[in-house]
Amino acid sequence: MRSLQSEIERRGRRIFELVDKHPESLFSKTGFYQRLMTISMRDEQLKLQLFRFVDVLPSLRTSGEVVEHLQEYFAEARDSRKLSEFLGAGIRLARIVPWLSGPILRWNVSEMARQFIAGRNSNDVLQILRKRRTEKIGFTVDLLGEAVVSETEADQYAARYLDLLEGLARETRTWTDPLGKNSELFPVVNVSVKISALFSQISPEDPADAIAHLSPKLRPLLRRARELGAFINFDMESYAHKNTTLELFKTIFTEEEFKDWPHAGIVTQAYLRDSEADLRDLIEWGHARGTRFAVRLVKGAYWDYETSKSRQNGWDCPVYFQKPESDVNFENLTELLFENESVVTAAFGSHNVRSIAHAQALADELGLDPSCFEFQLLYGMAGPIKRALVEMGYRVREYCPVGELLPGMSYLVRRLLENTSNEGFLRAKFAENVSAKELLGDPRELIKPDGPAPPASSIPVAAQDQRRKNDTSLDSVPGDIYRNSPLVNFVYKDSQDKMRSALREVRKRFGEKYPLVIGGEKVWTDQLTPSVNPSAPDEIVGYGSEAGIPEAERAVKAARAAFAKWSRTPFEERARLLERAADILERRRYELSAVEVFEAGKPWKEADADIREAIDFCRFYAQQMRRLGRPKLTQQVPGEDSYHHYWPRGVAFVIAPWNFPIAILCGMASAGVVTGNTVIMKPSEQSIVCSAMLMQVFEEAGVPPGVLNFLSGHGSVIGAHLVDHKDVDLIAFTGSREVGLKIWESAGITRPGQRELKRVICEMGGKNAIIVDSDADLGEAIDYSIYSAFGYQGQKCSALSRLILLEENYDRVMERLIPAAASLRIGNPEEPGIMVGPVIDEAAYRRILDYIEVGKSEATLAYQATDLPQGYFIPPTIFTDVKPNMRIAREEIFGPVLSVLKVRDLDEAIDVANGTDYALTGGFLSRSPANIERVKAQLEAGNVYINRSCTGAIVGRHPFGGFKMSGSGTKAGGEDYLLNFLVPRVVTENTSRHGLAPEQTPEYRDEFLWPKPQ
Ligand SMILES: Cc1cc2nc3c(=O)[nH]c(=O)nc-3n(C[C@H](O)[C@H](O)[C@H](O)COP(=O)(O)OP(=O)(O)OC[C@H]3O[C@@H](n4cnc5c(N)ncnc54)[C@H](O)[C@@H]3O)c2cc1C
């Protein structure tokens, strides 16, 4: 008997023979697309620009815009020979006759898209399907345009799917299966659906909610498909949707109505590490269900997206890093499918002749008839392979996307990437003519034991610590080895379970009392401040002891007393304290997130991001202190040592808000502590329990008595007292402009007995704007705007409150923005997947409602949500016809209220954006490189965000803080933040004795400590 490998080679060679009879025209050297491919494969940088240009092109309306973009995208590459082969003439022509080259380019791109998109509608596609029928190729049709932004769009998609199904069934009534054997397994009409096109609010942490919304939309489609004898396949999208898609599939096809229906299929992506476990689970489910179902095995279309997304978030990457690993897994899963042929009908979605030949050879070896599985290939790709497979007697089905170019852009770009991928089979075979031997080789032999490593951000912290300890170079920049803590990935059921369990546990502790902590002692006072759950104001999350002036005095004394020793404690010891605190925060992560959900009304993900930020502050500031802690030589001069170093300032008073109840308090307090100051923390009255937890964390981490004191109480009493106190040297404040300015003013007065000029770190509010350019990707623009404005109920100082739209774009954005706002999930954030919860308390509730009334009198109420739960829930509200001078466009509202301003052009947009008292965050959504550069240079904001939301700063990556009336220009989580807590000092020694001087002075020396630590 031949070995499997030699059989694979034999079959592979046969396919190649047949393929070579009809070479692949897509990879020839003529035509727009072909030239695009050729250049892209030669130059990665250029490829990026080219694909970006292709992406924006369909949304450009005039020839002038096309030409401008062309010039902007290729400004740098304009003279390069490579580009001029392709576009140089186009650019020159564009300058002379823009009206000509704009349409030509657009035509070229739509022609290119036509190679991958089978038609605009079902009529178009039918022509293609008829042609394929003559070639004995079946079809599955997919509607382009996944990831809808509103339920209106989702409902439209559901209706279009139904129409499509009806149309296909009608037109193909007389068609039969080309193989005529086992045809009952392979209905002629086959439709592929993507769940993200059917529900706009899919949240990975809440598959149950998604299933509850998707099922009613799918049932009519499935019912009709069954009546018409059609087949429905669930496509698989990005990893965030994987578990939901699997659960949905199993749930709906276990329902009585569909339990015995065999014509349902789902996709398994072999590039996923957990795909085998998922497939085994599906097979087990299939056996229990007792009815056949189908699996389309693919490698997966989102490799680049998954790798960059997990790197950004510090997540374990779900995909294999080495291409042959995906290939091997594909083969292993092929075997698993064949072994379970009794319950699963297999479809192999691949253009790779090795993967295909392997399936053929294995089927033979297992004695399976070729008619009981099929090969599926994409429309417009690998045509000769399809023909070869048909000729060899296999069942072939083509995946035909249908729709307009604009919603189809992400599909098109995925195809372009796939065709030009260095790793891809098609490029190797058709563009690079790699030998058949190589192409058919066993992928197992290509896996490198020391292949690509996991992304740096997923290196565990312990390993980083080790690296840091081994790193003896004092010059190394800590930022190089600092890594953010990964966000919890709620896509995993395990994370969801942990969060649910933490919520249950924390609920049991409701009503507990928390003491002040002064000089290391727990201090109880007669007055207790209740902290309520804003989602259910009759629930008291906990009580905090309320400090008065005597306790404030005691805290200053304790802090002052502790300063003498702490300020002379080696920085390494102080840094380690922070790192221990970070580890404890990490350990208590779910519990602390749960407290935030109850006390601050934070949705799960927002709460987790807050704890992550606190962890990051501790680790980042520890690193930064190591950088700043050693005295550094100012200049290398013979005979003189001059060292620049820092001392702490004294007693720091930290006043924090409730909206990032652990992160901001932790950030300011940890900066104070690690720099050798002693700290009095005054949390917000609305988030006492969260802050008491933070105090516990530092106590467990071993903070010495008096170094960190916890003083909850009224700002107007203890806050004002301590701001004016002669023994307070530094005030770190984050909060409202009103209080911030008072502190700034008060701190400027020198009191009798005061030793230092008070330093004030003052971070206040914003009136943040996002400008949407005329060429912006509208789907993304809506997503980012909605999230920035309504995420955490608009209660972030970075939140979007002014959306600035250009006249020419206005209607198109509003058309999608309002339904998107109307689709948001509003509710108690104890439930997963909530986007809009309650505002913090009654006072905020009333104040925001007052602003809404102001808005109604000044502008037009364009949208307001209804049906709100009990509790302090404010309806997400959108005003239009807002003018820059109106109160709702100038004053910070701190709630889910969005003002939309219409402007003539980008000049006016920038003027309007800059025309407020604040300068905190600002955003720009655009695909014009020149406009992007301009906004980068001109937008007045401490944090400028391009093509993303304007909230969600990450420690170390986006140092955060504003200027003008947003703050004193400090950057939390930035390299220079700690300097605000320090006074610089220089010590100079003349080291020459009668001309005798050391040649070289070390660049760093030990700290100036006396007595020197042993
Ligand atoms: C009919 C059909 C339907 C499809 N449906 C879906 C679907 O619903 N969902 C989906 O996600 N995909 C789907 N795909 C798959 C996807 O679109 C690609 O076509 C497919 O992954 C390409 O694989 P290949 O075997 O043809 O080519 P090959 O060139 O052999 O493989 C390319 C694939 O290898 C993987 N890869 C690339 N680089 C690496 C690396 N460094 N490490 C590990 N793996 C790597 C990627 O998955 C890449 O797409 C479908 C494909 C077809 C043909």
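Predicted model: local features only at pLDDT ≥ 70, side-chain atom pairs only at ≥ 80, totals over all residues.
How many residues surround the ligand, and which are the closest? The shell counts 31 residues, with Gly300, Ser326, Ser350, Glu418 and Phe425 the closest. Residues are numbered from 1 along each chain as its sequence is written, and side-chain values use heavy atoms, with hydrogens and water left out.

**Ligand site**

- Glu418 places a polar side-chain atom 2.6 Å from an oxygen atom of the ligand. A polar contact here is a pair of N or O atoms within 3.5 Å.
- The backbone takes part too. A polar backbone atom of Tyr320 is 3.2 Å from a nitrogen atom of the ligand, and one of Gln322 is 3.3 Å from a ligand nitrogen.
- The protein buries 94% of the 940 Å² that the ligand exposes when taken alone. Accessible areas come from the Shrake-Rupley method with a 1.4 Å probe.
- Strands S4 (264-269), S5 (293-298) and S7 (373-378) each supply at least two shell residues, as do helices H13 (323-339) and H16 (409-420). Helices (H or I, at least four residues) and strands (E, at least two) are DSSP runs, numbered from the N terminus.
- By class, the shell holds 13 nonpolar, 10 polar and eight charged residues. Ala, Val, Leu, Ile, Met, Phe, Trp, Tyr, Cys and Pro count as nonpolar; Asp, Glu, Lys and Arg as charged; the others, Gly among them, as polar.

**Second largest pocket**

- Its volume is about 1300 Å³. On a 1 Å grid over the protein atoms alone, a pocket is an open set of points with protein on both sides within 12 Å along at least five of seven lines. A volume is the space filled by probe spheres set on the points, which are joined across faces, edges and corners.
- The lining has 45 residues, and Gly735, Ser736, Arg737, Glu738 and Val739 lie nearest the centre. Lining residues have an atom within 4 Å of a point.
- The lining divides into 19 nonpolar, 13 polar and 13 charged residues.

**Cavities**

- The whole structure holds eight cavities of 30 Å³ or more. In a cavity, a 1.4 Å probe fits but cannot get out.
- The largest cavity has about 140 Å³ of space. Of its 16 lining residues, Ser567, Tyr646, Trp647, Glu1007 and Leu1009 are the closest to its centre.
- Strand S15 (640-648) contributes at least two lining residues, as do helices H22 (571-587) and H24 (604-629). S15 gives the most, with four.
- Eight lining residues are nonpolar, five polar and three charged.

**Sheet around S15**

- S14, S15 and S30 form an open antiparallel sheet, in that order. Strands pair if DSSP finds at least two bridges between them.
- S14 (632-633) and S30 (982-990) are edge strands with a single partner strand each, so one side of each is left without a neighbour in the sheet.
- Two antiparallel bridges link S14 and S15. Lys632 has His644 in S15 as its bridge partner.

**Backbone details**

- The peptide bond between Trp1010 and Pro1011 is cis, with omega about -5 degrees. Pro1011 sits in the segment after S30.
- Asn433 is not a glycine, yet has a positive phi of about 50 degrees. Asn433 lies in the loop between helix H17 (425-431) and helix H18 (436-439).

Note on methods: Near = heavy atom within 4 Å. Polar contact = N/O pair within 3.5 Å; in protein donor to acceptor, adjacent residues only side chain to side chain.
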